[in-house]
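Let's walk through this fold together, one group of side chains at a time. Have the model open and follow along as the residues come up.

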Amino acid sequence: MEIIRLLDKPEAIAQVAAWYHEEWGHMGPNRSHAELTHTLNQYLQLSGIPQLWLTLVNGLPVGAIQLRYQENPQYPADSVWLGGIYVSPSHRGQGIAKGLIAVAEEYALAFNADSLYLQTEAKNLGLYHSLGWRLVATLPYSDLTVSVMRKSLERESHDTRN
């Protein structure tokens, strides 16, 4: 199992778009396979935000996560969000989401973010709580009610005294 950036495997865009369409396509008009494919091309950049990472097993994508700005318009434009966290059903329960989240958090820290947000359906709250995320709001979103969660990112302090 390895985690890479979408930039390193752009041919995976079609697979990720298919996952996202299947999982969240019902949530709005901009969720067609074609629109998602177009949007995912914005993640093909060397640095900065947005970014997207993939988990590969035997060279095939089995999971994805995005780091982007302002997923929810009720939050500041410069707020940093995790989104599009997806693991194929046959690979769930193997720690793939946790690994993807850790990579995105590490990148956000390197990008000087001091906190991250995400929005999720109730079925995923346990995972995020176990990783240090805290519920900050419950809001309507499309035809769902979503939980908005926040995690403070902490930099390791290094004592340089001898």
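**Salt bridges, rings and cores**

Glutamate 105 is buried, with a relative accessible area of 13%, where buried means under 20%, exposed over 50% and partly exposed in between, using a 1.4 Å probe and protein chains only. Before going further, please keep in mind that this is a predicted model, in which local features need pLDDT of at least 70 and side-chain atom pairs count only at pLDDT 80 or more, while totals for chains, interfaces and linings use all residues. Residues are numbered from 1 along each chain as its sequence is written, and side-chain values use heavy atoms, with hydrogens and water left out.

Back to glutamate 105: its side chain meets that of lysine 151 in a salt bridge, at 3.1 Å from N to O. The term stands for a side-chain nitrogen of Lys or Arg within 4 Å of a carboxyl oxygen of Asp or Glu. The pair links distant parts of the chain, with lysine 151 in strand S7 (residues 144–152) and glutamate 105 in helix H3 (residues 96–110), 46 residues apart. Helices (H or I, at least four residues) and strands (E, at least two) are DSSP runs, numbered from the N terminus. Lysine 151 is buried too, at 15% relative accessibility.

The count comes to three salt bridges. In one of them, aspartate 8 pairs with arginine 5 at 3.8 Å; aspartate 8 is partly exposed at 48%, whereas arginine 5 is buried at 18%. In another, glutamate 11 meets lysine 9 at 3.5 Å, and here glutamate 11 is exposed at 56% while lysine 9 is buried at 17%.

Strand S7 also has a strand partner. S6 (residues 134–141) and S7 pair in the antiparallel sense over seven bridges; strands count as paired if DSSP finds at least two bridges between them. Proline 140 has threonine 145 in S7 as its bridge partner. The two strands form a hairpin with two residues between them, and serine 142 in the turn has a positive phi of about 55°.

Now for the aromatic residues. A search of the whole structure finds nine aromatic pairs. Rings of Phe, Tyr and Trp (its six-membered ring) pair if their centres lie within 6.5 Å, and planes under 30 degrees apart count as stacked, over 60 as edge-to-face and the rest as tilted. Tryptophan 19 and tyrosine 86 have ring centres 4.9 Å apart and planes at 25°, so this pair is stacked. Tryptophan 19 lies in helix H1 (residues 13–24) and tyrosine 86 in strand S4 (residues 80–87), so the pair ties together parts that are 67 residues apart in sequence. Tryptophan 19 is buried at 7%, and tyrosine 86 is buried at 4%.

What does the nonpolar interior look like? A nonpolar core is a set of buried Ala, Val, Leu, Ile, Met, Phe, Trp, Tyr and Cys residues joined through side-chain atoms within 4.5 Å. The largest has 23 residues, and those with the most contacts inside it are Ile65, Leu67, Leu82, Leu116 and Trp133. H3 gives this core its largest share, six residues. Apart from it lies another core, of 17 residues, among them Val16, Tyr20, Leu52 and Tyr86.
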